[in-house]
Amino acid sequence: MRIWGKLLGFIFGFMLSKNLLGALIGMFIGHNFDKGRALNFGHLSGSKESESERQTTFFYTSFSVMGYMAKANGLVSKHEIEFANAYMDKLSLQGELRQQAQDAFREGKMAGFPLNDRLAKFKQVCGNRHDLLLLFLEIQIQVAFADGTLDSDERQALHTIAQHLGFSSKELDQLLEMIIAGAQFHQGQSGKSSQSQLDNAYKVLGVTSDTPEKDIKKAYRKLMSQHHPDKMVAKGLPPEMMEIAKQKAQDIQGAYELITKNK
């Protein structure tokens, strides 16, 4: 039942006229507004339904576009299939959720997968949540590097995805460098401060050894804010995929600590 127009009309009518008659007239106008306009206040306030839709859309689109990326060069390699399964293992996906992820991955591999439509829907549901779009793009970059290389078809596919999500080619190239360095940094964390590990740490934060300390700290704080697991879930990241944000945050933290030790 729609009552917002009647309620607001009654209040404003009373405020303007200071009597019951004016309030009733305002309520009548509001009643007609309800019938003709029917505003969706639930959507404007960010209802539970819209939050659930974001999480569901993020989950399914992530795995379906994973499948698309795996097939970008025309052949799904063993490494890419292993990566997808390992990703599901890392997220502890079992039963129905794992089946949904597998179904989405298979759909993405099919000829004629409507990538543009899926990305448009995904961006619409995510709205202006830039952090969600960024994490989604990072996931697809990891898929592209599953076999240790990035060929021209995979790079083109990433540029297409990035463009649809509102990222420039320059932003994608910078992100590619950060993701590669992040993977190498994560694999090389053993408590040793080797030069290569330190170089990767700078790239993880998107800075250089010449960057002033205050700017390094600023970059660190920005990245931690973007990948904070609780914030990401609140913005629409499915709880089942929180492990992705956790690992990213840990790598960012580790990179910053290594840099500050060597300054």
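Modeller: Helices here are DSSP runs (H or I, at least four residues), numbered from the N terminus. The model is predicted, with local features needing pLDDT of at least 70 and side-chain atom pairs counting only at pLDDT 80 or more, while totals for chains, interfaces and linings use all residues. Residues are numbered from 1 along each chain as its sequence is written, and side-chain values use heavy atoms, leaving out hydrogens and water.

Colleague: Which element gives the most to the lining of the second largest pocket?

Modeller: That is H12, with six residues. A pocket is an open set of points on a 1 Å grid over the protein atoms alone, where a 1.4 Å probe fits and protein lies on both sides within 12 Å along at least five of seven lines, and lining residues have an atom within 4 Å of a point. By that rule 17 residues line the second largest pocket, with Gln-174, Met-178, Lys-222, Leu-223 and Gln-226 nearest its centre. The elements giving two or more residues to this lining are H8, H10 and helix H12 (213-227).

Colleague: Why does Gln-226 count as buried?

Modeller: Buried means under 20% relative accessible area and exposed over 50%, with partly exposed in between (1.4 Å probe, protein chains only). Gln-226 has 11% relative accessibility, and therefore counts as buried. This residue lies in helix H12, and, leaving aside neighbours within four places in sequence, Gln-226 is in contact (heavy atoms within 4.5 Å) with Asp-131, Leu-134 and Met-232.

Colleague: How do you know that the span of H12 agrees with its 15 residues?

Modeller: The expected span of a helix is 1.5 Å times one less than its number of residues. For the 15 residues of H12 this comes to 21 Å, and the end C-alpha atoms are 21 Å apart, so the two agree.

Colleague: What puts the buried residues of H12 on the same side?

Modeller: They are Ile-216, Ala-219, Tyr-220, Leu-223, Gln-226 and His-227. They cover an arc (taken from the directions from the helix axis to the C-beta atoms) of only 130°, which puts them on the same side of H12. The face turned away from that buried side carries the exposed residues Lys-214, Lys-218, Arg-221 and Lys-222.

Colleague: Which element supplies the largest share of the lining of the largest pocket?

Modeller: There the largest share, eight residues, comes from H10. In total 22 residues line the largest pocket, and Gln-142, Ile-179, Gly-182, Ala-183 and Gln-247 lie nearest its centre.
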